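Reader: I would like to learn how to read a protein model, one feature at a time. Could you walk me through this one?

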Amino acid sequence: MCYLVILFVSSRSNNLNLHVENIFGNNSSCNFLIETVLLVTSSRRPENWIVPGGGVEPEEEASVTATREVLEEAGVIGKLGRSLGVFENLEHKDRTEVYVMTVTEELDEWEDSKTIGRKRQWFTIEEALEQLALHKPVQRNYIQQLRRSKLT
């Protein structure tokens with residue numbers, strides 16, 4: 001069975017735009033409707049659920065960052081899909097590239113579960129939107145873009 005994780009990768013930018021592509025292209029091994037989204041607890045406020053992700057290290061490709069961050073934060077391994085889009089914020093000069101991943105393995109323990117007690121949980125799309133509305137409304141845009149794609 002295939003599960004999807006939406007994750008973000010942040011870097012600095014001065015432009016505002018959104019690019020959306022077919023997430024898996026023609027080479028996807030999974031044909032399914034996206035019904036669930038994986039969220040993780042916030043490191044600062046463990047009662048809040050957020051989209052896993054993080055910052056790009058120097059000389060690191062965004063796709064490598066995405067794979068590394070989702071393993072560290074959510075303890076999952078899988079096949080990274082194509083970028084869902086780039087969301088840019090002029091006010092914060094922040095650029096966030098969002099990916100979708102097909103999860104093939106969930107680890108029992110992972111880096112953040114051991115060091116900070118981070119948890120992960122699968123939510124329906126509606127439940128994820130509700131959780132993110134409470135604490136990370138900007139991250140709702142990622143899921144809303146996913147809903148607008150032809151995969152849901």
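Reader: Leaving aside its neighbours within four places in sequence, which residues is Leu39 in contact with?

Author: A contact means heavy atoms within 4.5 Å. With those neighbours left aside, Leu39 is in contact with Trp49, Ile50, Val51, Pro52, Lys119, Arg120, Gln121, Phe123, Ala128, Gln131 and Leu132. Before we go on, a word on the source: this is a predicted model, where local features need pLDDT of at least 70 and side-chain atom pairs count only at pLDDT 80 or more, while totals for chains, interfaces and linings use all residues. Residues are numbered from 1 along each chain as its sequence is written, and side-chain values use heavy atoms, with hydrogens and water left out.

Reader: What is a nonpolar core, and which residues touch the most other members of the largest one?

Author: In soluble globular proteins, nonpolar side chains tend to be buried together. A nonpolar core is a set of buried Ala, Val, Leu, Ile, Met, Phe, Trp, Tyr and Cys residues joined through side-chain atoms within 4.5 Å. Buried means under 20% relative accessible area, exposed means over 50%, and partly exposed is in between, using a 1.4 Å probe and protein chains only. Here the largest core has 15 residues, and Val37, Leu39, Ala128 and Ile143 touch the most other members. Two or more residues each come from β2 (36-41), β5 (76-89), β6 (94-106), α3 (125-135) and α4 (137-148). The most come from α3, with 4 residues. There is also a second, separate core of 8 residues, including Leu38, Val40, Ile50 and Val103.

Reader: Now a helix, please. Which residues of α1 are buried?

Author: An α-helix has 3.6 residues a turn, so residues three or four places apart point the same way. In α1, the buried residues are Ala62, Thr65, Ala66, Glu69, Val70, Glu73 and Ala74. Seen down the axis of α1, they fall within an arc of 125°, so they line one face of the helix. The arc is that of the directions from the helix axis to the C-beta atoms. Helix α1 (residues 62-74) has 13 residues and reaches 17 Å from its first C-alpha to its last, close to the expected 18 Å. That expected span is 1.5 Å times one less than the number of residues.

Reader: What about α3?

Author: Its buried residues are Ile125, Ala128, Leu129 and Leu132. Down the axis of α3 they fall within an arc of 100°, so they line one face of that helix. The face turned away carries the exposed residues Glu130 and Leu134.

Reader: What does the side chain of Thr41 reach?

Author: Here we use polar contacts: pairs of N or O atoms within 3.5 Å, where within protein one must be able to donate a hydrogen and the other to accept it, and residues adjacent in sequence count only if both atoms are side-chain atoms. The side chain of Thr41, in strand β2, reaches the backbone nitrogen of Lys119 at 3.0 Å. Thr41 counts as buried, at 5% relative accessibility. In helix α4 we find Gln139, and a polar atom of the Gln139 side chain lies 2.8 Å from the backbone nitrogen of Val51. Gln139 is buried, with a relative accessible area of 4%.
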